[in-house]
Amino acid sequence: MGAIVQNSETSELLGELTTMTGREDPYPRYERLREIAPLIRADDDALVVTGYADCATVVRDGRFAHMAPDMLAFIGFPDWRDHPALRLLFTSLLSQNPPDHTRLRRLVSSAFTARRVQALRPAIERMVTDLLAGMADSGGDADFIRDFAFPLPANVIGELLGVPAPDRAQFQTLIRDWSQVLERIDREQLKAADAAAATVYDYLSGLAEERRRRPADDLISAMVEAESAGDRLTGEELLTMAGLLFAAGFETTTNLLANGLMALHRHPDAVIGDPALAVEELLRFDSPVQLVGRLVFEDVELGGTVVEAGERVVAYLGAGNRDPRRFAEPGRLDLARTDNAPLSFGGGIHYCLGAPLARLEAQIAFPVLRDRVQITGKPTRRNSLTLRGYTAMPAQTQ
């Protein structure tokens, strides 16, 4: 049987991951944590796993579930329903457990179809061309995040949902402020998150009402009409889902594009042959989502140790994606890697609903970015580990 380790070194390593220095390059710290033990006890009493197999178990096994929102009361937020940022997040598909999750996913999946995603290909190709042209016209003052990595997925998810093009730019700051609650929840930070979430909710409420009166060929209209076994999304559920799709639809894809471009920049000899293989490798190499948290609902073996119900577990997906027991030479970027299965989109019943759309955007964008975009200055790292990415990246087109 294995053992759970907690000592000064593990505390120091996990502490470094809360700093900008540790977040700039977390991978050596992940490697050392993995060498110490499969299971690490953090100072906040959560169990940390860094191996691929254990991370895969956490995201795929039904015995690991999301924390019930009422447990927010135990960390100082008994009034969580009064906070839009918490209510919209913790009552969304992202944080639900069965049977509620099963019902919501079934209803949304009936509207968010593969056909609807693939129908966006011509629009995505056009957006990529137009955004690169805009960067070329910037007079050497282009920023990859501002001019490409944000507007591409924001416009794609806006196109999918039916958000008018002039309204899309406002969501970058709004979603970033709202999503900070995924990293940390405190009263001061929650003020900005609540204001952002309320603005998003109000906007989407107006859009949904418009689609009820005048349906269009978009996802919000489809969700209004979605029905399965006599069941429909309530108005609150529809708005929560639309907000989540908008947030998840560009936040992680923005990070995938930025992290991927940086990886290509640092590996100038890497060649994109098959875009599908290249995207899976870029997802593995520097995942836009680095960790997920779960609650153990039934006793389960993890890392050779029986973990009891009630434990909190944090799976470092970014570490699992670099586990040498799963990937040969995990620190090497191999865009032709075939035996690949990154954990970046999670797994099991909570596998990312928007993964096919993110993959499609990246498969279209990266071959063009490889040939035409160069990073020209020091990028600004986002101060987050859960969502790993950049806030600025000076660049130019060729």
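Me: In this predicted model, which residue of β10 does Arg294 stand opposite?

Reply: Arg294 faces a residue of strand β10. Strand β7, residues 291–296, is joined to β10 by 5 bridges, and the two run antiparallel. The residue of β10 that stands opposite Arg294 is Val313.

Me: Which residue of β3 is the bridge partner of Ile40?

Reply: Strand β2, residues 39–41, pairs with β3 over 3 bridges. The sense of this pairing is antiparallel. In β3, the bridge partner of Ile40 is Val48.

Me: Which strands stand at the edges of the open sheet of 6 strands?

Reply: The order of the strands is β1-β2-β3-β10-β7-β4, and the pairing is mixed. Strands of a sheet pair through backbone hydrogen bonds, either parallel or antiparallel. Each edge strand has a single partner strand, so one side of each is left without a neighbour in the sheet. The strands at the edges are β1 (4–5) and β4 (64–65).

Me: How many residues of strand β10 are buried?

Reply: Strand β10 consists of residues 312–316. It is largely enclosed by the rest of the structure, because most of its residues are buried: 4 of the 5.

Me: What arc do the buried residues of helix α6 cover around the axis?

Reply: Helix α6 spans residues 100–109, and its buried residues are His101, Leu104, Arg105, Leu107 and Val108. They lie on the same side of α6, because the arc they cover around the axis is only 165 degrees.

Me: What distance does α14 reach from its first C-alpha to its last?

Reply: Helix α14 has 32 residues, of which 26 are buried, so the helix is largely enclosed by the rest of the structure. At 1.5 Å a residue, the expected reach is 46 Å. The reach in the model is close to this value, at 47 Å.

Me: Is Ile175 buried or exposed?

Reply: Ile175 lies in helix α11, residues 171–179. Beyond the residues up to four places away in sequence, Ile175 touches Val200, Ala247, Phe250 and Glu251. Its relative accessibility is 0%, and therefore Ile175 counts as buried.

Me: How far apart in space are Ile175 and Ala193, C-alpha to C-alpha?

Reply: In sequence, Ile175 and Ala193 are 18 residues apart. In space, C-alpha to C-alpha, the distance between them is 8.5 Å.

Me: Is Arg211 buried or exposed?

Reply: Arg211 is found in helix α12, residues 187–213. Not counting residues up to four places away in sequence, Arg211 touches Gly162, Ala216, Asp218, Ile220 and Ser221. The cut-off for a buried residue is under 20% relative accessible area. Arg211 has a relative accessibility of 13%, and therefore it counts as buried.

How values were computed:
Residues numbered from 1 in each chain as written. Predicted model: local features only at pLDDT ≥ 70, side-chain atom pairs only at ≥ 80, totals over all residues. Heavy atoms only, no water. Buried < 20%, exposed > 50% of the residue type's maximum accessible area, 1.4 Å probe, protein only. Contact = heavy atoms within 4.5 Å. Pairing = 2+ DSSP bridges. Arc of directions from axis to C-beta. Expected span 1.5 Å × (residues − 1).
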